[in-house]
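Have a look at the sequence and the model, then read on.

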Amino acid sequence: RAYQERTILDPSASSTRGLNVSGTSIGKLLRRAADSIGRFDFDVSKFEAKLDEDWYNDASELRNLDVEVLSKYMPRRLAEEVHNQLVLDQLDRTEGIRSSHIASGVYEGDEEERMVSWNLDEHSV
């Protein structure tokens, strides 16, 4: 539990419990995502190798991939968490949501139906 809390407070802390911790940004991202979903002893090196086969050599190259694409390289649950970690990394870099793509999915309908509104007025419920 203390380990989990430490990595929550300091997500850059390297995992000493995980198997085959790679020094690459993709390896670190996969390890952090696996740890985040409680798979501390899960070997993520084979997923890193699959990504490397398609010339994904840096975690920043995964930023624009959605969960569907990521799940072709790894189990879907891990792909979802990798995507979440990438979004959190983007939020850290931009200091907020102003330039971050947070949601992904398939939209149907015309352009007006695709818009999302966030009402931050303190008087609204």
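Just past helix 2, Gly 38 takes a positive phi of about 85°. Helices here are DSSP runs of H or I with at least four residues, numbered from the N terminus. Keep in mind that this is a predicted model, where local features need pLDDT of at least 70 and side-chain atom pairs count only at pLDDT 80 or more, while totals for chains, interfaces and linings use all residues. Residues are numbered from 1 along each chain as its sequence is written, and side-chain values use heavy atoms, with hydrogens and water left out.

For the protein chain the mean is 76, and 58% of the residues reach 70 or more.

| Element | Residues | Mean pLDDT |
|---|---|---|
| Helix 1 (lowest) | 2-9 | 52 |
| Helix 4 (highest) | 67-70 | 97 |

Back to helix 2. Its 12 residues should span 16 Å at 1.5 Å a residue, and because its end C-alpha atoms are 16 Å apart, the two agree. (The expected span is 1.5 Å times one less than the number of residues.) Its buried residues include Ile 26, Leu 29, Leu 30, Arg 31 and Asp 35; buried means under 20% relative accessible area, exposed over 50%, and partly exposed in between, with a 1.4 Å probe and protein chains only.

Now for the inside. The largest nonpolar core has 19 residues, and among those with the most contacts inside it are Leu 30, Leu 51, Leu 70 and Val 82. Helix 2, helix 3, helix 4 and helix 5 each give two or more residues to this core, with helix 2 giving the most, five residues. Such a core is a set of buried Ala, Val, Leu, Ile, Met, Phe, Trp, Tyr and Cys residues joined through side-chain atoms within 4.5 Å.

Which residues does Leu 70 touch, leaving aside its neighbours within four places in sequence? They are Leu 62, Leu 65, Ala 79, Val 82 and His 83, where contact means heavy atoms within 4.5 Å.

Glu 81 sits in helix 5 and is buried, with a relative accessible area of 9%. Beyond its neighbours within four places in sequence, Glu 81 is in contact with Ala 33, Ser 36 and Ile 37.

Finally, Ser 60 lies in the loop between helix 3 and helix 4. It counts as partly exposed, at 34% relative accessibility. Ser 60 and Asp 89 are 29 residues apart in sequence and 9.6 Å apart in space, C-alpha to C-alpha.

Conventions
pLDDT = per-residue confidence, 0-100.
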